[in-house]
Amino acid sequence: MLVSAEKCIAAVRVICAMGGTIAQSLSSASQVAVATDACTAGIYVVEIIYADGSCENLKVALNR
């Protein structure tokens, strides 16, 4: 999964419906690749943490 933003991204976490972190990637760029190969099809929350300390949560569906 490729996550892009206008601001600098510090970290991206993929969180399952049960609240566990499935994948995580640290960065200091405006684009971050997160490995989701081990994730099954379903609904996940992608938490984007920016370098300025702000945070954004997105709901995404992975289809396999």
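Me: Let's start with a side chain: how exposed is R13, going by its relative accessible area?

Reply: The general idea is a scale with two cut-offs: buried means under 20% relative accessible area, exposed over 50%, and partly exposed in between (1.4 Å probe, protein chains only). R13 is partly exposed, because its relative accessible area is 27%. Before we go on, some ground rules: this is a predicted model, where local features need pLDDT of at least 70 and side-chain atom pairs count only at pLDDT 80 or more, while totals for chains, interfaces and linings use all residues. Residues are numbered from 1 along each chain as its sequence is written, and side-chain values use heavy atoms, with hydrogens and water left out.

Me: Which side chain does R13 meet in a salt bridge?

Reply: Side chains of opposite charge can pair when their charged atoms come close. The cut-off for a salt bridge is a side-chain nitrogen of Lys or Arg within 4 Å of a carboxyl oxygen of Asp or Glu. Here R13 pairs with E47, at 2.7 Å from N to O. R13 sits in strand β1 and E47 in strand β3, so the pair ties together parts that are 34 residues apart in sequence. As for cover, E47 counts as buried, because its relative accessibility is 14%.

Me: How many salt bridges does the structure hold?

Reply: The structure has 2 of them. Besides R13 with E47, there is a salt bridge between the side chains of K7 and D52, at 3.5 Å from N to O. That pair links distant parts of the chain, 45 residues apart: K7 is in strand β1 (residues 2-15), and D52 is in the loop between β3 (42-50) and β4 (55-62). K7 is partly exposed at 38% relative accessible area, whereas D52 is exposed at 56%.

Me: You keep naming strands. In what order do the elements run from the N terminus?

Reply: Helices (H or I, at least four residues) and strands (E, at least two) are DSSP runs, numbered from the N terminus. The order in this chain is β-β-β-β, with 0 helices and 4 strands.

Me: What does the radius of gyration say about the chain?

Reply: The value is taken over C-alpha atoms, and the globule rule is 2.2 Å times the number of residues to the power 0.38. For 64 residues, a compact globule would come out near 11 Å, and the chain has 11 Å, which agrees. The C-alpha trace spans about 30 × 20 × 15 Å along its principal axes.

Me: Which residues is G42 in contact with, beyond its neighbours within four places in sequence?

Reply: G42 lies in strand β3 and is in contact with V60, A61 and L62. G42 is partly exposed, with a relative accessible area of 26%. From G42 to R64, 22 residues along the chain, the C-alpha atoms are 8.8 Å apart. Over the chain, take contacts between residues at least 6 apart in sequence: 42% of them join residues at least 24 apart.

Notes
Contact means heavy atoms within 4.5 Å.
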